[in-house]
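Keep the structure in view while reading.

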Amino acid sequence: LAADDPDFMGREIAEQPETVERILSELAPRVSTGDLWRELGLPHFRRVAVLGCGTSLNAGRIIAHAFGAFGAIVNTAVTASEAGAVVLDAETLVIAASQSGETADVLRALDELQTGRGRVLALTNSMHSTLARRADGVLNCSAGPEIGVAATKTFVAQVVTGVCLALSAMVARGTILRAQADAIVDDLRRTPDRLENAIAVSRQWVPDIVESVRDAQGFLFLGRGAGVVYAAEGALKLKELTYRWAEHYPAGELKHGPLALVEEGTPVVVIESADGRLSANVAEVRSRGGRVISIGGPGSSIPVVDGHPEAFARSGRVSQGRGGNTFAACGPLESVVPMQILARELAIALGRDVDKPRNLAKSVTVE
Ligand code: M6R
């Protein structure tokens with residue numbers, strides 16, 4: 001993984017720290033003043049629905065959650081291809097997340113949803129896209145061109161940009177103090193270092209892991225809390241690139257069904273957190289012979305942050321949300337890096353084309 005990698009995906013993974021650095025240098029000064037939100041000129045809203053497909057939907061889930069955590073805003077993430085059944089009220093801010101801005105399911109969803117006047121915001125990597133033209137406001141996620149079909153740097157760009165937006169909107173409406181927002185922004189500014197660290201340790205650890213799971217036909221990805229969305233993104237990357245089956249679950253769901261899949265050697269990727277219940281879930285996997293690949297924390301296969309589980313859990317924790325709940329601004333964002341690298345390196349070991357996985361396109365313009 002380096003600037004001279006032969007494939008675009010490798011280079012795009014390597015670019016993630018500088019991508020986030022650039023985004024924050026552009027957005028950070030306008031977050032805790034509330035100006036980032038105000039400049040969009042969108043009306044007051046009471047609820048938020050974030051719309052998207054695939055990786056953009058995963059980013060959307062994190063962004064939706066941020067509105068809830070920063071401002072107790074009722075929020076939801078909507079699978080664009082299923083938006084027809086969704087009912088929104090006229091005071092819902094609809095954020096359509098699409099790196100290409102050309103995804104047919106997203107554009108169709110905007111036709112189907114009864115959105116209130118002037119309430120659609122596009123979060124896109126293409127300011128000249130169809131989505132950008134149709135929306136009432138546009139926020140550029142500024143990842144730069146992404147050529148690999150698998151979304152990597154656009155994912156981290158969407159998450160960071162969307163979280164900045166949520167924070168700025170909550171400052172503008174007075175639900176979060178400027179000093180609190182400053183503390184959260186300070187923490188966000190550590191994201192490039194965390195991503196850099198995650199790339200370095202993954203480069204060291206992932207090759208051995210790839211060897212040990214090379215013949216596995218199916219994988220499980222588990223997390224708790226904010227880790228669940230990242231588990232979803234890890235499973236999506238793995239299936240897209242390697243053509244192996246991969247499922248994600250909240251770890252607590254394991255005993256309600258998926259545990260039956262675990263047998264001797266089944267790879268189970270676990271995104272560590274400070275939630276004590278996770279270790280009991282992982283013990284269930286180990287006792288059935290599952291091959292646990294844990295991300296973060298001591299003794300983990302890939303200790304991406306500070307080598308300590310509390311440090312890992314703390315890495316995104318920056319403020320008290322309303323109601324006293326501790327909230328991680330982006331959750332364990334850096335955990336996505338080892339999963340991207342695992343998917344890429346396993347795909348290469350299996351002889352796949354990592355930039356152009358079979359059956360898939362970068363921009364999906366059909367429903
Ligand atoms: O251009 P979009 O962000 O709207 O694309 C949505 C999905 O097709 C896309 O994220 C897809 O899931 C990625 N190839 C996954 O890596």
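Start with the open sheet of 5 strands, whose order is β2-β1-β3-β4-β5 and whose pairing is parallel. Strands here are DSSP E runs of at least two residues, helices are H or I runs of at least four, and both are numbered from the N terminus. Two strands pair if DSSP finds at least two bridges between them. At the edges stand β2 (74-79) and β5 (137-140), each of which pairs on one side only. On average, neighbouring strands of this sheet are turned by 20° against each other, direction ignored. Axes are lines fitted to C-alpha atoms, for helices over the stretch in contact; angles between N-to-C directions run from 0 to 180 degrees.

This is a predicted model: local features need pLDDT of at least 70, side-chain atom pairs count only at pLDDT 80 or more, and totals for chains, interfaces and linings use all residues. Residues are numbered from 1 along each chain as its sequence is written, and side-chain values use heavy atoms, with hydrogens and water left out.

Look inside the sheet next. β1 (residues 47-52) pairs with β3 (residues 92-98) in the parallel sense, over 5 bridges. One point to locate is V48, whose bridge partner in β3 is L93. Helix α7 (residues 153-172) lies across β3, β4 and β5; its angle to β4 is about 145°.

Now move to the other sheet. This open sheet has 4 strands in the order β7-β6-β8-β9, with parallel pairing. β7 (245-250) and β9 (291-295) are at the edges with a single partner strand each, so one side of each has no neighbour in the sheet. From one strand to the next, the twist averages 20°. β6 (residues 218-223) is joined to β7 by 6 bridges in the parallel sense. Within this pair, F221 stands opposite H248 in β7. Helix α9 (residues 191-213) packs on the sheet and touches β6, β8 (267-271) and β9; its direction makes about 155° with that of β9. Helix α11 (residues 277-287) also lies across β6, β8 and β9, at about 170° to β8.

Which residues come nearest to the ligand? They are S56, S98, S100, T103 and E240, of 14 residues around the ligand. A residue is near when one of its heavy atoms lies within 4 Å. By class, this shell has 5 nonpolar, 7 polar and 2 charged residues. Nonpolar means Ala, Val, Leu, Ile, Met, Phe, Trp, Tyr, Cys and Pro; charged means Asp, Glu, Lys and Arg; the others, Gly among them, are polar. Helices α4 (54-71) and α10 (227-242) each supply at least two residues of the shell. The largest share, 3 residues, comes from α4.

Polar atoms come next. A polar side-chain atom of S98 is 2.6 Å from an oxygen atom of the ligand. A polar backbone atom of Q99 lies 2.8 Å from an oxygen atom of the ligand. For V149, a polar backbone atom is 2.9 Å from a nitrogen atom of the ligand. Taken alone, the ligand exposes 410 Å², of which the protein buries 91%; areas come from the Shrake-Rupley method with a 1.4 Å probe.

How values were computed: Contact means heavy atoms within 4.5 Å. A polar contact is a pair of N or O atoms within 3.5 Å; within protein, one must be able to donate a hydrogen and the other to accept it, and residues adjacent in sequence count only if both atoms are side-chain atoms.
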